[in-house]
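Work through the exercises below with the sequence and the 3D structure at hand. Each task is followed by its solution in steps.

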Amino acid sequence: MRGPIVDADVAMQIALEEATAALVHGDVPIGAVLLDGSGEIVARDHNRREELGDATAHAEMLVISGRSSELEEWRLGGHTLVVTLEPCAMCAMAAVWARVDRIIYGAADLKAGAAWSLFNIPQDERLNHRIELTPGVLEEQSRTLLEEFFSERR
């Protein structure tokens, strides 16, 4: 889907739609979208670890990789990553390496979050690039989706 996005809530709602799609193949419901500098959605995906049998197939990694392939460029300056759950260390570092400008996320991840909860990789002054963080966008919807997924498995 492409089209102008001017509101973080709208972008997060689309990420939540992606997260729901992960349920079809038994993946943890996490979705991500990537916005370019004009606010247009240029990539969207969801966790596909179970589907692909790949530990790195997180939603964030898939949208970063997809956009980089499309542009034939690893630098994604001007882009905003919108994700339903706070990125893990792998995904946060990938966003730093890709030079993403901003990360917007829904629910905090107190067990593995690397964009504030356990670590703050995107804003670590020791790194050569820092990312603006906006936490808590549609936090309740993001958290509820994850809680329901895990409560069904317990």
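**Exercise 1.** Decide whether Thr 134 is buried or exposed, and find its contacts.

Solution. Step 1: Thr 134 has a relative accessibility of 18%, so it counts as buried (buried is under 20% relative accessible area, exposed over 50%, partly exposed in between, with a 1.4 Å probe and protein chains only). This is a predicted model, in which local features need pLDDT of at least 70 and side-chain atom pairs count only at pLDDT 80 or more, while totals for chains, interfaces and linings use all residues. Residues are numbered from 1 along each chain as its sequence is written, and side-chain values use heavy atoms, with hydrogens and water left out.

Step 2: Thr 134 lies in strand S5, residues 132-134 (strands, E, of at least two residues and helices, H or I, of at least four are DSSP runs numbered from the N terminus).

Step 3: Leaving out residues up to four places away in sequence, Thr 134 touches Arg 102, Ile 103, Ile 104 and Tyr 105 (contact means heavy atoms within 4.5 Å).

Step 4: The side chains of Thr 134 and Arg 102 are joined by a polar contact of 3.1 Å (a pair of N or O atoms within 3.5 Å; within protein, one must be able to donate a hydrogen and the other to accept it, and residues adjacent in sequence count only if both atoms are side-chain atoms).

**Exercise 2.** Describe the surroundings of Ile 104.

Solution. Step 1: Ile 104 belongs to strand S4. With a relative accessible area of 2%, Ile 104 is buried.

Step 2: Beyond its neighbours within four places in sequence, the contacts of Ile 104 include Ala 8, Met 12, Val 82, Thr 134 and Val 137.

Step 3: Glu 86 is 18 residues from Ile 104 in sequence, and their C-alpha atoms are 8.4 Å apart.

**Exercise 3.** Check the span of helix H1 and say what its buried residues pack against.

Solution. Step 1: H1 has 15 residues, 8-22, and at 1.5 Å a residue should span 21 Å (the expected span is 1.5 Å times one less than the number of residues). The end C-alpha atoms are 21 Å apart, which agrees.

Step 2: Among the buried residues of H1 are Met 12, Ala 15, Leu 16 and Ala 19.

Step 3: The buried residues of H1 pack against strands S1 (31-35), S2 (41-46), S3 (80-85) and S4 (102-107), and against helix H5 (139-153).

Step 4: At the start of H1, a side-chain oxygen of Asp 7 comes within 2.8 Å of the backbone nitrogen of Asp 9.
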